[in-house]
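Please look over the structure shown below. The briefing that follows goes through it topic by topic.

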Amino acid sequence: MAGFEILDPTVEPRRQPLTYVPRPDSLKGKRIGLVENTKFNSDKLLRKIGDILKTEYGATETRMWRKHNAGVPAHQEILDEAARSVDAVVAGIGD
Amino acid sequence: MTARITSQRYAVDDFTQALDLCYRRGWTDGLPVVPPTEAAVQAMLDGAGLEPDTQIAFITNRQVAINAEKVAINAVMAGCLPEHMPVVAAAIEGIADPRWGYHGPATSTGSAAVLMIVNGPIAQRLDFNSGDNLFSPGWRSNATVGRAVRLVMRNVIGTLPGRLDRGTFGHPGRYTYVMAENEAESPWTPLHVERLGCRTSDSAVTVMAALAPIQFYNQLSSTAAGVLGTLCDTMRYPGQIGQPNYCVVLAGEHMRTIAADNWSKADIRKFIFENTTNSVAHFKRTARMPGAVKPEDETATRPLVQSPDDILVVAAGGRAGSFSCFIPGWASRTSSEAVTVLIKERSA
């Protein structure tokens with residue numbers, strides 16, 4: 001039997017450059033955003049983390065946002081407001 | 001000038017070597033696949049009148065564009081006929097719809113499968129099973145269309161167990177989970193006409209992120225309220241808080257009993273919605289909600305779904321047997337909802 005060719009069913013994911021903003025050297029005096037993903041207790045977990053960042057690392061304030069659901073990225077409104085009003089963001093999962 | 005097929009090619013000596021290559025590359029669902037030759041893939045594309053580079057869908061979270069060529073390759077591997085290609089393409093459109101929310105149901109530990117409900121003339125023409133042994137093996141259309149969608153999820157979207165698929169239990173329906181509505185014998189408006197307002201001569205597929213079917217039995221009652229009362233009692237307790245949809249599949253005997261009382265699908269949905277509420281006290285006692293039970297929790301109730309319209313009623317299943325079933329949706333209303341997509345058949 002003669003040989004034949006088969007086709008590759010997979011794709012290479014689209015590559016895109018991803019650059020991180022510089023990490024702050026210190027959280028002293030910084031405003032922290034907390035992005036909660038709607039999972040049970042994720043708000044409590046992040047609030048606790050926010051408290052630690054304030055008491056132990058000198059952050060001045062925290063502000064929390066809630067995503068639409070755990071399976072989607074933070075929506076534009078969160079991104080816009082966070083860019084305007086905080087210096088660093090913590091996102092977390094509550095499972 | 002039509003676009004060309006551009007996927008990478010692998011030379012093999014024979015069928016055994018082709019199969020071995022597919023296994024080694026991790027391209028199968030564990031079962032043998034049909035080797036995707038260019039001729040077979042081209043025939044699959046022609047089945048839907050699609051060019052290879054036509055984009056069928058884009059999965060935002062994964063930044064993956066799904067083009068017709070890759071869908072066709074996976075459909076060949078799944079054992080589809082070219083006539084199935086429009087159904088596979090429509091189902092892929094459905095799971096890429098933001099309302100279906102691909103990343104959640106495909107990735108979650110919650111282990112949803114893609115339930116597909118085929119409606120319209122295409123269902124009968126391609127012999128999608130809508131009757132006896134509804135979810136059993138033996139029907140090529142049901143078996144291969146669902147398999148093709150899962151292979152696209154695996155090979156194109158990267159939904160691989162242990163990687164971007166973290167299901168705790170997985171789901172046997174991830175091999176295939178396809179049914180058609182029994183429109184020939186149903187006394188009711190077909191699902192796609194209800195959901196899209198289209199014509200009965202249109203064909204459509206509904207995709208729902210779904211858990212396993214749960215069967216119930218009622219051989220006693222000869223009334224709609226009696227049969228559905230048993231359904232509601234069965235649905236209420238496995239019910240969690242906030243499922244986005246339930247699909248209720250009414251088989252022959254129950255279908256005829258309910259229709260004899262002149263209940264429409266809207267009547268059925270309303271009855272189920274009103275008779276599947278649970279008390280907050282029940283949720284707290286069974287650790288589905290936090291906190292101690294307060295006196296007012298005994299009378300405060302929660303519905304199973306947000307609206308009667310979140311219950312999909314489908315006539316399907318065997319003519320004989322006093323059984324019907326319900327299929328809970330995955331997760332919550334904000335995470336994923338059932339989507340119905342028209343099937344674009346190639347015009348002759």
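β2(B) and β3(B) pair in the antiparallel sense, joined by 4 bridges; two strands count as paired if DSSP finds at least two bridges between them. Helices (H or I, at least four residues) and strands (E, at least two) are DSSP runs, numbered from the N terminus. This is a predicted model, in which local features need pLDDT of at least 70 and side-chain atom pairs count only at pLDDT 80 or more, while totals for chains, interfaces and linings use all residues. Residues are numbered from 1 along each chain as its sequence is written, and chains are lettered from A and ligands numbered from 1 in the order in which they are written.

**The hairpin of chain B**

- A hairpin is formed by β2(B) and β3(B), with 4 residues between the two strands.
- In the turn, Gln63(B) has a positive phi of about 55°.
- Gln55(B) has Asn67(B) as its bridge partner in β3(B).

**Helix α3 of chain B**

- α3(B) is mostly covered, with 11 of its 11 residues buried; a residue is buried if 20 or more other C-beta atoms lie within 10 Å of its own, exposed if 12 or fewer, and partly exposed in between, with C-beta atoms placed from the backbone.
- Among the buried residues of α3(B) are Glu69(B), Lys70(B), Ile73(B), Asn74(B) and Met77(B).
- The cover over these buried residues includes β1 of chain A, and from chain B it includes α2, β2 (55-59), β3 (64-67), α4 (85-96) and α7.
- Gly79(B) follows α3(B) and has a positive phi, near 100°.

**Where the two chains meet**

- 18 residues of chain A are in contact with 33 residues of chain B; two residues are in contact if their C-beta atoms, placed from the backbone, lie within 7 Å.
- On the side of chain B that touches chain A, at least two residues each come from β1 (9-12), α1 (15-24), α2 (38-48), α3 (68-78), α5 (103-107) and α7 (140-155) of chain B.
- That side of chain B has 15 nonpolar, 12 polar and 6 charged residues; Ala, Val, Leu, Ile, Met, Phe, Trp, Tyr, Cys and Pro count as nonpolar, Asp, Glu, Lys and Arg as charged, and the others, Gly among them, as polar.
- Strand β1 (residues 4-7) of chain A runs antiparallel to β1(B), and 4 bridges join them.
- Arg9(B) in β1(B) is the bridge partner of Leu7(A).

**The sheet of chain A**

- Chain A has an open sheet of 3 strands in the order β3-β2-β4, with parallel pairing.
- β3 (61-66) and β4 (88-91) of chain A are at the edges with a single partner strand each, so one side of each has no neighbour in the sheet.
- On average, neighbouring strands of this sheet are turned by 25° against each other, direction ignored; axes are lines fitted to C-alpha atoms, for helices over the stretch in contact, and angles run from 0 to 180 degrees between N-to-C directions.
- Helix α1 (residues 42-57) of chain A packs on the sheet and touches β2, β3 and β4 of chain A, its direction making about 165° with that of β2(A).
- Strand β2 (residues 31-36) of chain A and β4(A) run parallel and are joined by 4 bridges.

**The four-stranded sheet of chain B**

- An open sheet of 4 strands in chain B has the order β7-β12-β8-β11 and mixed pairing.
- Its edge strands are β7 (214-217) and β11 (311-315) of chain B, each pairing on one side only.
- Neighbouring strands here are turned by 20° against each other on average, direction ignored.
- β7(B) runs antiparallel to strand β12 (residues 323-328) of chain B, with 4 bridges joining the two.
- Phe326(B) in β12(B) is the bridge partner of Ile214(B).
- Helix α11 (residues 265-274) of chain B lies across β8 (246-250) and β11 of chain B, at about 130° to β11(B).

**Two packed helices of chain B**

- Helix α9 (residues 224-236) of chain B packs with α11(B) at an angle of about 45°, their axes 9 Å apart.
- This makes α9(B) oblique to α11(B); angles under 35 degrees count as roughly parallel, over 145 as roughly antiparallel, 65 to 115 as roughly perpendicular and the rest as oblique.
- Leu228(B), Leu231(B) and Cys232(B) of α9(B) make the contact with Ile268(B), Phe271(B) and Ile272(B) of α11(B).
- The residues of this contact divide into 6 nonpolar, no polar and no charged.
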